[in-house]
Amino acid sequence: MSASYPSAALPAFRGRIGGDARSGHPAVPHRYRLHLTLSCPDGLRLAVAHSLLGLDDVLPVSVLPALPDAEDGGYLALRPLFEAASHHYRGPASAPALSDDWSGRIVSTDPRGILTDLARRFDRYGADLQPYDAGTAIEAVEALCAWSIGAPAQHAGRADADPASRSAALDRLLGGLDVVERRLAAREYLLGDGLTVADVQLWVTLVQLDTVHRWHLDAAAVDRIADHPRLWAYAR
C-alpha cells in the first residue's frame with residue numbers, strides 16, 4: 001500500500017554539503033548537480049551564483065523548462081530522484097534542487113542552503129559571495145528585496161486590488177528603491193568592495209521588477225520606478 005503525505009507533512013530535503021566525509025555529503029567535484037528553471041527567481045539566483053563561482057566544470061547544471069510538465073506542478077525528469085530520496089514520495093518533484101549523481105537522490109530543495117554551500121564549499125575563484133561575518137547584513141537585504149520591493153510591486157499591479165491599497169504598495173516599493181539608491185551612492189556593491197549574495201538577490205529582484213511586474217503598472221508608476229539612476233546603472 002502506497003504512503004501519501006498531506007502537503008504540510010511532505011518530507012523536507014535540506015541536506016547540506018559538508019567539509020569532509022563525516023557530513024555524508026562531502027564537497028567532492030563532479031558528484032552533485034543543480035536542477036534549475038530560470039523562470040523561477042530562486043533558480044535564477046542560484047544560476048547567477050553558480051556562474052560567478054566558476055562551477056561549470058565542478059558541479060553541472062541541468063536547466064529545466066520554464067513550466068513544469070507534471071500534473072502536480074513538478075518535473076517528470078526529477079521524479080525518480082525524489083522517489084529515491086523518500087520512498088513513496090507523493091509531493092511535486094520541484095526545482096530548484098540539488099541532487100547527488102552517485103546515489104541518484106535529491107540532497108536539498110532549500111535554495112538558501114544550496115546557495116550557502118555553493119559559495120562556501122565549491123568557490124573556485126575566491127569570490128567570497130557569502131562572507132562569514134555578513135550573515136545579518138545579507139538577511140537584511142533579503143528582507144528588503146522581499147517585503148519592500150517584490151511584494152509591493154506585485155500588489156501595486158493587481159487589477160483586483162482597490163486603488164488605495166495599490167497606491168500604498170507603490171509608495172512602499174518606491175521607498176525600498178530609495179533605500180537602495182542611497183546605499184549605492186557611497187559604494188559600488190551593497191555590502192562593500194565586492195559582490196556578495198546580497199547583490200545577486202537584489203539583481204534577481206530587479207530583473208523580476210523590470211521584466212514581470214512593471215507590465216502591470218501604469219506609465220506614471222513606471223516613470224517613478226525608473227527615476228533611480230544609480231540603482232538601474234548598478235543593475236545593468
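Which side chain does Arg14 meet in a salt bridge? That of Asp110, at 3.4 Å from N to O. Keep in mind that this is a predicted model.

Let's stay with that pair for a moment. Arg14 sits in the segment before β1, while Asp110 is in the loop between β4 (105-108) and α3, so this contact ties together parts of the chain that are 96 residues apart in sequence. And Arg14 is out in the open: its relative accessible area is 56%, so it's exposed.

Arg31 pairs with Asp100, with the closest N and O atoms 2.7 Å apart. Arg31 is also in the segment before β1, and Asp100 belongs to strand β3 (residues 97-100), so here the parts being tied together are 69 residues apart in sequence. Are these two buried or exposed? Arg31 counts as buried, at 10% relative accessibility, and Asp100 counts as buried too, at 3%.

Glu83 and Arg79 form a salt bridge at 3.8 Å, N to O. They're four residues apart in helix α2 (residues 79-85), so about one helical turn separates them. Glu83 is partly exposed, at 35% relative accessibility. Salt bridges with shared partners also bring in Asp72, so that Asp72, Arg79 and Glu83 make one network.

OK, on to the inside. The largest nonpolar core has 46 residues, and Leu206 and Leu209 have the most contacts within it. If you click on Leu206, look for Leu177, Leu231, Trp232, Tyr234 and Ala235, which it touches, leaving aside residues up to four places away in sequence. Apart from that core lies another one, of 11 residues, including Leu78, Phe82, Ala97 and Ile106.

Last stop, the surface. Leu38, Val61 and Val63 form a nonpolar patch there, with about 240 Å² of accessible area together. Val61 is part of strand β2 (residues 61-63), and it's partly exposed, with a relative accessible area of 30%.

Methods. Residues are numbered from 1 along each chain as its sequence is written. This is a predicted model: local features need pLDDT of at least 70, side-chain atom pairs count only at pLDDT 80 or more; totals for chains, interfaces and linings use all residues. Side-chain values use heavy atoms; hydrogens and water are left out. A nonpolar core is a set of buried Ala, Val, Leu, Ile, Met, Phe, Trp, Tyr and Cys residues joined through side-chain atoms within 4.5 Å. Buried means under 20% relative accessible area, exposed over 50%, partly exposed in between (1.4 Å probe, protein chains only). Contact means heavy atoms within 4.5 Å. Patches are made of residues with over 30% relative accessible area and no salt bridge: like charges are joined within 9 Å, nonpolar side chains (Val, Leu, Ile, Met, Phe, Trp, Tyr) within 5 Å. Accessible areas come from the Shrake-Rupley method with a 1.4 Å probe; for residues, only the protein chains shown count as cover. A salt bridge is a side-chain nitrogen of Lys or Arg within 4 Å of a carboxyl oxygen of Asp or Glu. Helices (H or I, at least four residues) and strands (E, at least two) are DSSP runs, numbered from the N terminus.
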